Amino acid sequence: MLPVLDLAAAEGDPDTFRSELLAAAHESGFFYLVGHGVSKEKAEEIFALARRFIALGDEEKNEISQLKSPHFRGYSRLGGELTNGARDWREQIDIGPEREPITDAEGYWNLQGPNLWPSALPELEPALTAWGQGMSAVGLRLLRQWALALGADEGVFDDAFAHHPATLMKVVRYPGSAENPQGVGAHKDSGVLTLLLVEPGSRGLQVELATNEWIDVPPLDGSFIVNIGELLEVATQGYLRATRHRVLAPEPGVDRLSVPFFLSPALDAVVPIVSLPEELAARSRGVEADPDNPIFSTYGENAWKSRTRAHPDVAQLHHGITPA
Ligand SMILES: O=C(O)CCC(=O)C(=O)O
Ligand SMILES: [Fe+2]
């Protein structure tokens, strides 16, 4: 089982918390987080709203189809997303910061713009906006603990990560499928860190602890599943590990519901490289060099890579590009 970390303990016994945080993020890159202060009722409210959205008809969902958004926001249908060029069997809404689009934007600046919200479920916008603010606060608390644990100033990531963050949030459902086993294909997350809320009882998440060695990660009541994104791997020269993970489609008749929150910096933020104490630097693995997945240190470039690859239909329709 993955380690369980208690964020509340960071106040009482910070040294122990930080060494556990460092170990978890170095060794598996994934852990459960409890003591985060987000109530069970809030999580239940989000799942109840997610279920109401899922129950809407195709027409009501497609009112906010991602094909209508040059900014890669809104609803994508089952099979509407690719990972490693293969179809993911999940339906989802993508939500980012609510901002004005940029006129004549180039490249990754196209990611900035408004969200699409379903008129059939007006409660969704305020609830998810508040949820995102709560998740940002938890994520930033964790980042400060990492900064201290890495021997840096508490605020080392704040300049890069705290201003105009281009966070991404999803509400995702994986229906049971006998035909397509790929809920979402194996990938690393492109941002800084991910806080994943999973509906109790939902199975299917797997994490690659060593090459081709996948373990099941079931939800743990009251916890978030936290994992490192590519930018923290870059910032620490691979000391902290962005671990590949995937979701297997549940068996027919059951489904999986999840709400991932990806903490990410401003689009033009360049990730600071933390100068690590000698004993940690000696154990850094370097940033993984994968010719199929270049990692960029400017967040926007990394996000543009992953968004255009995941939604080539949107990339083609609105931007006339065919992603590599
Ligand atoms: O839905 C999940 O449990 C994981 C989703 C995920 O890994 C992702 O969207 O990046
Ligand atoms: Fe992921």
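Helix α2 buries Phe 17, Leu 21, Ala 24 and Ala 25 (buried means 20 or more other C-beta atoms within 10 Å of a residue's own, exposed 12 or fewer, with C-beta atoms placed from the backbone). Seen down the helix axis, these buried residues fall within an arc of 90°, so they line one face of α2. This is a predicted model, in which local features need pLDDT of at least 70 and side-chain atom pairs count only at pLDDT 80 or more, while totals for chains, interfaces and linings use all residues. Residues are numbered from 1 along each chain as its sequence is written, and chains are lettered from A and ligands numbered from 1 in the order in which they are written.

**Helix α2**
- An α-helix has 3.6 residues a turn, so residues three or four places apart point the same way.
- On the other side of α2, Asp 15, Thr 16 and Ser 19 are exposed.
- The cover over the buried residues of α2 includes β1 (4–6), α1 (9–12), β2 (30–34), α5 (124–149) and β12 (224–228).
- Just after α2, Gly 29 has a positive phi of about 70°.

**Around ligand 1**
- Among the residues around ligand 1 are Lys 170, Asp 189, His 245 and Ser 258 (C-beta atom, placed from the backbone, within 6 Å).
- Two or more shell residues each come from β7 (168–175), β9 (193–198), β13 (245–248) and β14 (255–263).

**The annotated domain**
- An unreviewed UniProt entry lists residues 165–265 as "domain: Fe2OG dioxygenase"; such annotations may be inferred rather than shown by experiment.
- Over residues 165–265 the chain is 6% helix and 48% strand (DSSP runs, with helices H or I of at least four residues and strands E of at least two).
- The end C-alpha atoms of residues 165–265 are 4 Å apart.

Notes
Arc of directions from axis to C-beta. Contact = placed C-beta atoms within 7 Å.
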